[in-house]
Amino acid sequence: MDNDTCSTATNKRGRPPAFDRDTALAQAKHLFWELGYEATSINDLTQAMGISPSSLYGAFGNKANLFQEVLQNYKDSNPYSISDFFESHSDYRSAMAAYLQHIAMQLTQPDYPLGCMVTSATINCKPASNEIAEQLMQQRTQQRTILRHKIEQAIAAQQLPAKTDAGQLANTYSALIHGMTILARDGVTQDELLQISATAMQLWHQTG
């Protein structure tokens with residue numbers, strides 16, 4: 001075997017196998033979503049993604065970095081935010097109802113694990129994973145803040161009475177949304193979650 005052939009063979013052996021990054025991220029997302037961040041091991045990830053540990057570390061750095069990229073992928077695949085619903089409806093109550101219906105359907109998509117990844121991925125995290133848990137907590141806090149702001153706008157627009165406690169109502173709906181995630185994981189059906197979301201809108205009636 002000549003030198004050029006030896007060199008080519010060595011390069012091929014040393015080069016990590018190629019993989020489709022988007023496909024690998026989708027597989028990792030499914031695993032983090034189903035098992036949670038802490039319970040998902042590197043071995044679980046490499047088997048699901050069809051790559052070696054060295055390829056995973058080479059492409060993503062570590063498990064935390066991979067999760068960050070998965071989280072961004074999750075956000076990109078769920079583009080509708082609270083603000084989108086409030087901007088696309090003529091009144092605040094209709095926007096809130098549509099958003100809760102959307103959540104109920106998102107939590108029970110047939111091709112994905114049940115529930116919400118942001119809510120369930122970091123339950124029971126160890127101290128070493130506090131940074132990841134803190135990041136997701138901040139996202140949930142931001143959701144409540146946006147919701148409170150929209151309720152305050154509804155009050156200012158006289159679609160809710162001036163005495164309405166915007167913070168309390170935002171916290172109540174946020175608690176409902178996170179509770180629906182647990183119910184979805186427990187097997188509550190989409191129709192049942194839609195009924196829960198409809199019942200929850202009675203709070204708006206009672207407040208108003």
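The crossing of α9 and α10 is right-handed, a crossing being right-handed if the near helix is turned clockwise from the far one by less than a right angle, and left-handed if anticlockwise. This is a predicted model, in which local features need pLDDT of at least 70, side-chain atom pairs count only at pLDDT 80 or more, and totals for chains, interfaces and linings use all residues. Residues are numbered from 1 along each chain as its sequence is written, and side-chain values use heavy atoms, with hydrogens and water left out.

Helices here are DSSP runs (H or I, at least four residues), numbered from the N terminus. The axes of α9 (residues 130-156) and α10 come within 8 Å and cross at roughly 135 degrees. Axes are lines fitted to C-alpha atoms, for helices over the stretch in contact, with angles running from 0 to 180 degrees between N-to-C directions. The two helices α9 and α10 are therefore oblique to each other; under 35 degrees counts as roughly parallel, over 145 as roughly antiparallel, 65 to 115 as roughly perpendicular, and the rest as oblique. On the α9 side, the contact (heavy atoms within 4.5 Å) takes in Arg140, Gln143, Arg144, Leu147, Arg148, Ile151, Glu152 and Ile155. These meet Ala166, Gly167, Leu169, Ala170, Asn171, Tyr173, Ser174 and His178 in α10. Ala, Val, Leu, Ile, Met, Phe, Trp, Tyr, Cys and Pro count as nonpolar, Asp, Glu, Lys and Arg as charged, and the others, Gly among them, as polar.

Also in α9 is His149, which counts as partly exposed at 39% relative accessibility. For these labels, buried means under 20% relative accessible area, exposed over 50%, and partly exposed in between (1.4 Å probe, protein chains only). The C-alpha atoms of His149 and Ser83 are separated by 9.9 Å, with the two residues 66 apart along the chain.

Next comes the pairing of α10 (residues 166-185) with α11 (residues 190-200), whose axes come within 11 Å and cross at roughly 165 degrees. That makes α10 roughly antiparallel to α11. The crossing of α10 and α11 is right-handed. From α10, Tyr173, Leu176, Met180, Leu183 and Ala184 meet Leu193, Ile196 and Ala200 in α11. By class, this contact has 8 nonpolar residues, with no polar and no charged ones. Ser197 also sits in α11 and is buried, with a relative accessible area of 2%. Neighbours within four places in sequence aside, Ser197 is in contact with Leu100 and Gln101.

As for α4 (residues 53-60), its buried residues are Ser55, Leu56 and Phe60. They cover an arc of only 100 degrees around the axis, which puts them on the same side of α4; the arc is that of the directions from the helix axis to the C-beta atoms. Those buried residues pack against α2 (21-35), α3 (42-49) and α5 (63-77). On the face turned away from the buried side, α4 carries the exposed residues Ser54 and Gly58. After α4 comes Gly61, whose phi is positive, near 95 degrees.

Within α3 lies Asp44, partly exposed at 26% relative accessibility. Residues up to four places away in sequence aside, Asp44 touches Leu31, Leu35 and Ala39. C-alpha to C-alpha, Asp44 and Ala28 are 8.9 Å apart in space and 16 residues apart in sequence.
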